[in-house]
Amino acid sequence: MGKFLSRNELPVRGRTVVITGGSRGMGLAAGRQLSEKGANVVIIARDQNRLHQGVEFIQQGAVNPQTQRFHQISSDLTSPSESVRVMEEIVSWNLGNPPDIVWCCVGSSHPTLFIDTPVSQFRAQMDNNYFTSLYMAHAVLTCWLKTPKGATAQPSTPAPARHLIFTASFLAFYTFTGYSTYSPSKAALRSLSDSLSQEMNLYAAAYPNEPPIRLHTVFPANIHTESYEAENLIKSDLTKRLEEADEGQTPEVVAARSIRALESGQELVTTDILTGLVKHSVLGGSTR
């Protein structure tokens, strides 16, 4: 009976969802599944050919093809100004309205041993895994949190929440040999999410008539993608041995479990049993 009474905390039908890194892997799978739930979807990535293929694949899942809308934007989000430009384009395409949900899925891993890794790669990992999400978060929150002009009347029904979703990793909770370039960038993302979650509570209290903003972070383990296969070509034998018990998951499984957890209202989302156990063993101020 409980499932009939539970409320969907992430309604997407008729709402606009933006997915960075949405042309492949988990981002593409999430876009398709949200399209199947009635969302309008915008995907962002660098590769224009992949974007065209991705948006076509996502559009094929639409439950209301006559009313749902889809868009793709080519952008290198490691540049701070690009997130601002992208957000302006989305608002214009969305008939002057900001998006309702932004899901940051951009990321890459370079799993080599510390002294075998060029110093430039540490910066590149922070740019790809942390700053792309930070820049997008800053752009969308600036858009969402423009100070309301004057007092507004109490709405008859509460406005649905807006959602900002980051994608971190199991390694943000517990790292091991071979991920010194990658784990710090994902741990930083988790910390950013915790900080912003607290700040958004302040805005919700100051502007109770405005849509509240919810922060979430997804923590997948290994995902079977093209990028994962490429990582294994440079990964040390020791690192492979340490993670051999992780059978990994497909992008479709990770996306489906993430969406299900987001619909149930979870802020820190895990998609497998081991990561869930590790999450609950970690001390800190995160909402669990």
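Predicted model: local features only at pLDDT ≥ 70, side-chain atom pairs only at ≥ 80, totals over all residues.
## Aromatic pairs

Tyr130, Phe131 and Tyr135 are joined into a cluster by ring pairs. An angle under 30 degrees would have counted as stacked, and one over 60 as edge-to-face.

Ser109 is located in the loop between β4 (101–104) and α5. Its relative accessibility is 14%, so Ser109 counts as buried; the cut-off for this class is under 20%.

Leaving aside residues up to four places away in sequence, Ser109 touches Gln125, Tyr179, Tyr182 and Glu231.

## Packing of α2 and α3

Helix α2 (residues 25–35) packs with helix α3 (residues 48–59) at an angle of about 30°, and their axes are 8 Å apart. The two helices are therefore roughly parallel to each other, since angles under 35 degrees fall in that class. The crossing of α2 past α3 is right-handed. On the α2 side, the contact is made by Leu28, Gly31, Arg32 and Ser35; on the α3 side, by Gly54, Phe57 and Ile58.

The charged end of Arg32 sits over the ring of Phe57, 4.6 Å from the ring centre.

## Packing of α4 and α5

Helix α4 (residues 80–93) and helix α5 (residues 119–144) pack with their axes 8 Å apart, at an angle of about 40°. These helices are therefore oblique to each other. The crossing of α4 past α5 is right-handed.

From α4, the residues Pro80, Ser83, Val84, Val86, Met87 and Val91 meet Tyr135, Met136, Ala139, Val140 and Cys143 of α5. Among the α5 residues in this contact is Tyr135, which is also a member of the cluster with Tyr130 and Phe131.

A further charge-over-ring arrangement involves Trp93: Arg69 lies over the face of this residue, at 4.1 Å from the ring centre. Trp93 falls within the range of α4, residues 80–93.

Note on methods
Residues numbered from 1 in each chain as written. Heavy atoms only, no water. Phe/Tyr/Trp six-rings, centres within 6.5 Å; stacked < 30°, edge-to-face > 60°. Lys NZ or Arg CZ within 6 Å of the ring centre and 35° of its normal. Axes fitted to C-alpha atoms, helices over the stretch in contact; angles between N-to-C directions. Helix = DSSP H or I, 4+ residues; strand = E, 2+ residues; numbered from the N terminus. Parallel < 35°, antiparallel > 145°, perpendicular 65-115°, else oblique. Left-handed = near helix turned anticlockwise from the far one by under 90°. Contact = heavy atoms within 4.5 Å. Buried < 20%, exposed > 50% of the residue type's maximum accessible area, 1.4 Å probe, protein only.
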